[in-house]
Every structure is written in structure tokens, then in C-alpha cells.
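Hi everyone, thanks for making time for this. I'd like to walk you through one structure, so please have a look at it with me.

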Amino acid sequence: MANPEATEEEEESFDQLPAALLATIMTKLDVASICSVASTCKIFKACASHILTFIPNFHLFDTALSINLLSPLLPPNPYLSSLKVDCARLDDSAIDLLVRPSLHELCLHNCADFSGKLLSEIGGKCADLRYLYLGSVAEKRGRAIHISDLEELLNGCTQLEVLTLMFDVSLFLRHNFARVWALASEKLTSLEIGYVSSVMVTELLSPSVGPHQPLNHIRASILPGILKLNLSVDYITDAMVGTISKSLVSLTHLDLRDTPLIEPRITFDLTNSGLQQINQYGKLKHLSLIRSQEYIVTYFRRVNDLGILLMADKCANMESICLGGFCQVTDTGFKTILHSCSSLYRLRVSHGIHLTDLVFHDMSATALCMTHVSLRWCNLLTNHAIKSLVSNTHLKVLDLRDCKSLGDEALRAISTLPELKSLLLDGSDISDSGLSYLKGRIISSLVSLSVRGCKRLTDKCVYALFEGSSRLELQELDVSNLPYLSDNGILCLAKSRVPISVLRMRQCPLIGDTSIMALASMQVDEDRGHGSSLRLLDIYNCGGMTQLAFRWLKKPYFPRLRWLGVTANVNRDIIDALARNRPFLNVASHGEELGIDQWDNSESLHMHDYDDVDELEQWLLEGEFEDDDEEMIDAEINPEM
């Protein structure tokens, strides 16, 4: 415990420093760090309160605050130009706090409890807005959003360049939808929509007769400056693809994803004819066409190698291609892409039913400039394909999830890649000895590794990777669904002091309380005290977990934890008490996959590195939850509480 006299002396010494100097230093920090510094002494707290009145950027990434906690952090500030917050605990009452005339950038996630008033208020107050992201608006029952709200948004934000509406806009009336978008800013270059029907997209972009106009008056092109278009739709159709290609003459990025509820008919599907219409103006650099199997098992059954060949003729300058669900395309089609696109650095193929090793047989004849490769659910691929693929020695991301025929020889080939940062091997046939090929240079440079569902792996794989290793960069590790991984493996991981921030080990029957104790006591380096570096921990359905583990999940253990996955039936009262004990912890207990929204990866490098006690929470709450430790103990003793 700190010496009170020493603390007073430190405060006096800080008091001697010029306020302008302290403010200059603190303005270099992010918001979470400013709050943490403010919790240490009165001088810093006063300085932080002053800084919050003029800082240009306010970004709180993975902490959802109530309006009572957020209001003191957002005082009147005429210089605030960028605001990014999680609105999971906010509603319309926070609109006046968030929507400000000075903003150029506004990013609001999880707005389910807001109504359409949020859109209209932004349009009415943020005339200088350049970038807008809105997620999940009005998804909560009882909240509504109307076409007039969208109209006021587009009519008021005349300087908008990037617009992302991550919610279902198909709820708007179709006959008014196209008319409203005619009001959109001419400066708009990027548009992303969470869900919209393909018919609405086609009508929006079709150069048809405008509303209330004579038949000889053809409506001018909508969204003439769009460079990037990202849409989730019900069906990707020839009509929609053709209209997009003809209308958006400057398009460089096209990202389309559909999720059919029923098997598409030919009039509501993509065919070779539609594929041939893509990139009519030759400016496209990135193309993504993905058919999701979220609801039914379905594919682009009306596209074959001919369609790919016709498209490839116009896509020689393409840099990134993602194709998902093209079940009739064979090696001929995929190989054409590799050999036609000399600038291709990212290739993603999912559900490539007919994709075999032959696609990569003659890699020396390609430009060999790929850095990101994803081949998911391509079950005909074997180790020979990977041996050829690694001719691209600059590979940084390699996603081979659900390629069940890949084994140890593939890992031997992968171990020659000097720049690899992310390796995903879920469901492959690798063994402990195969993973040992990664030890040394590869494991030292990897940032993300996933071996989920690799059934042959045991505790020995952890020893093979981490025992004796030093200065590892690994931040994300997924060892979920490994039936032979036990507490001994996690003990080895904890001893290795790997600075992991994301650890997923769900559905491991031999993982229990000992693993949680080891991780809670984990010391990443000598300069800091004990405490795990984890920000996300998924232990859903781990067989050995008891109530004892939950005592190690409460404060002050796991001081940086923001996401936790647990099993609800362990003890509902304990889980509820844990959520109250750690109000900024996102606790999931129904098996859902966890994830931290990466709003801006570049800024994650400057995230606050919390000490053993999270000063951000301490400064915000100032003892509001002191009684929750006793509440958790009561819940353990008396489950009927």
C-alpha cells in the first residue's frame, strides 16, 4: 500500500511543474490514459478536466459508458472534431451530448436503443461532418426509424465523404428510398450499408425518370463520386451488378455479400452474364463477391469457369479478389485469376469445392506478390498446394481454416515464411510435432495463431511452441475445441510470459480452475506486477470450471479484461454478480463468439496499458461498486440469493 506522506510529497513536486507543461504531455495520451493518469493525484485530475475541454479527438473503443459516466468526460468543447464511442448503454437522451457542430468524424457503435431521431439530429447539427459510422440504430424493440430521418441526415451533411449505416435500411419505404439518396453529398466517396434489398439498390442507381418529372427528364446519376461500395443484400443478382457497374463510373472497391433465405431463382441470381459486366470502366482494384450460408446451404450455381474467364479479361489490374460460394468454378477459373492479375496481393476463396493443388502448381509463372491468402473450406487442398503457395515469400496473412487435408508437411513449408504475422489452421490434420516447425523465427514474429478444432493436438503443442521461447509478439491465440488440451498446457503458456491479449479456449473438456489461476497470476515482464495482459478470454463450456474460477475472475485479477465468455449454467447468480463487480466487462454466457470491434487498427497501438488496478474505472466510479466483492461471495455461498 502506498505511503500517504510519500504521495503528498509527490503531489507537491508535481505542483511545481507548469500547468501548460503537464497539459502538453497529457494531450499526447488517448482518453483512457488521460483518465488513468487523472486517478493518481489531484493535480493530474484537475489538468485532465481542463484537457477534456479542448482535445480534438475523443475515442473510447471497448468500454460502453452510461450517460452519467460519459457526461463528465464530454464537457463543452468547441475543438472536438472526432468522436468514437460505444453506445450500448445510451439512448436518445444522449443525443445532445454526442451530436456537436464541430465534428468532422463521428463513429457510434451499438445504437440499438436510439431511434431515428439520431439521424435527423446529426443532419440538423453536423453540417461539417466528413465521416459517419452508425451501428445497429433502432434495433431494440419499440424503437423506430423513418425515411424522413434519413432524408434529414443526407440533406444536412453536405460535406460527407464516408458513410457507413450498419443496420437494415430495407425497412424504409421503397418508393421514397431512391428519391432521398438524390440529396446525398456530391463529395461522398465511400458507402457501406448493413443490409438492403437488391431491388432497392437497382432502383437507386438506375437512371430512371425522376419523381414528379416529365417522361423526357432522365434523372442524373446518383452518387457520382463513389469509389468504394460495400453492401449486404438478400441476393446478388445480374441486374444489381450490372446497374452498379454502369452507374458508378469511378468505382475502385466493390464488396457485395448476400445471405439468401431460399435457393435463388435465375432472375434473382448471379450468372456468367452478370459477372461479365463487372469493371466496365477498368478502374476496379478490389472485388469481393460472397454468398453466405448463414441460413441455408447455397452457392452461386449459375457461374462457372467461363464467367470467371470473361471477368478476368477486364480485371488485369485487380489487387484484391475475394470469391465465396462459387461451387461450379474449377481449377481453370481460379488459375486464370492468379495468372491474369499481375498486381494481386490479396486472394480469398471460401467454399471452393473444386479448388485443388493444381491451381498453385505453377506459381513461378505468376507475379508472386501476394501477401494475404485465405483458402477456407477448400477440402481438396493438400500439403503440396501449400508448398507451392509459399513461393510468395512475403506472405503476412495465411488463413487455411477448415482445409481438413492439411497436415504437418504444410507446417514445414509455412515455417519458411519470414514475414508471417497471422496463421489460421482451424480443423486441419496437424500434430504436436508439426507445430514444432513453427518454433523459432516464425513463432517469434506471429501476432495471431489459431488451431481451433485440430483434434490431434495435446499439451505438447504448447511446450513445442512456447517453452524456452523469448521476446514473442503473439497477441491472439485460439486453442478452442482441443479435447486433449489440459491445465498443464495453460500452465506452460502462463510461464512463458507471452503478452497475449486475446485467448480463446472454449469447449476444452480438460481445462479447469487451475488454468484461470495460472492466467490470473501471469507476469508478462519484470517491470510490472502480476496480472494477465488479457483483454478477451473465452472459456465457454470448459469442462473443469467450478465456482472457484469465478473468484479469480473478479477484481483485481485480470485488470485489463474487457470481454469474457463463460457457461451460464455454472451459477447464474455468480455470473450476474461478476457483471456488477466489473461493470465495464462484456460477459457472454450463451456461447456467442466474442470480439472487440476494431474501429481503427492504427490506433490500437496507442491503447492504454492498464496497471494492476484499472484506473479508468477507478476514476469514473470512485468507489461506486465497493460492495460487489461481498455480493459475489454471498452468491457463491447462497445460490438462491
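Let's start with Cys461, which counts as buried because its relative accessibility is 2%. Keep in mind that this is a predicted model. How many disulfides does a search of the whole structure find? The search comes back with 0. For Cys461, the nearest cysteine sulfur belongs to Cys454 and lies 8.9 Å away. Cys508 is in no disulfide either, and there the nearest sulfur, that of Cys542, is 5.3 Å away.

Now for the aromatics. Searching the whole structure gives 5 aromatic pairs. One of them is Phe177 with Trp181: the ring centres are 6.0 Å apart and the planes meet at 65°, so this pair is edge-to-face. As a reminder, an α-helix has 3.6 residues a turn, so residues three or four places apart point the same way. Both Phe177 and Trp181 are buried, and together with Phe172 they form one aromatic cluster. There is a charge over a ring to show you as well: the charged end of Arg376 sits over the ring of Trp377, at 4.1 Å from the ring centre.

Trp181 comes up again when we turn to the nonpolar core. The largest one has 186 residues, and Trp181 is among those with the most contacts inside it, along with Phe58, Leu98, Ile122, Leu150, Met505 and Leu537. Which helix gives the most to this core? That is α3, residues 31-38, with 5 residues. In α3, 7 of the 8 residues are buried, so this helix is largely enclosed by the rest of the structure. The buried ones are Val31, Ala32, Ser33, Ile34, Cys35, Ser36 and Ala38.

Back to Leu537 for a moment. Leaving out residues up to four places away in sequence, Leu537 touches a list of residues including Leu503, Met505, Ile516, Phe558, Trp563 and Leu594. Leu594 also belongs to a second, separate core of 5 residues, which includes Val502, Leu536 and Ala588 too.

Next, a strand with two faces. In a regular strand the side chains alternate between the two faces of the sheet. On strand β8, residues 253-258, the covered face carries Leu254, Leu256 and Asp258, while His253, Asp255 and Arg257 are on the uncovered one. Strand β8 pairs with β7, residues 228-233, in the parallel sense over 6 bridges. One of the partners there is His253, which is bridged to Lys228.

Is Ser120 buried or exposed? Buried, because its relative accessibility is 11%. Beyond its neighbours within four places in sequence, Ser120 is in contact with Asp149 and Glu152.

Let me finish with the overall picture. The protein has 26 helices and 20 strands, and buried residues make up 54% of its 641 residues. Among contacts with a separation of 6 or more, 76% join residues 24 or more positions apart. That's my tour, and I'm happy to take questions.

Definitions and conventions: Residues numbered from 1 in each chain as written. Predicted model: local features only at pLDDT ≥ 70, side-chain atom pairs only at ≥ 80, totals over all residues. Heavy atoms only, no water. Disulfide = S-S within 2.5 Å. Buried < 20%, exposed > 50% of the residue type's maximum accessible area, 1.4 Å probe, protein only. Phe/Tyr/Trp six-rings, centres within 6.5 Å; stacked < 30°, edge-to-face > 60°. Lys NZ or Arg CZ within 6 Å of the ring centre and 35° of its normal. Core = buried A, V, L, I, M, F, W, Y, C linked by side-chain atoms within 4.5 Å. Helix = DSSP H or I, 4+ residues; strand = E, 2+ residues; numbered from the N terminus. Contact = heavy atoms within 4.5 Å. Pairing = 2+ DSSP bridges.
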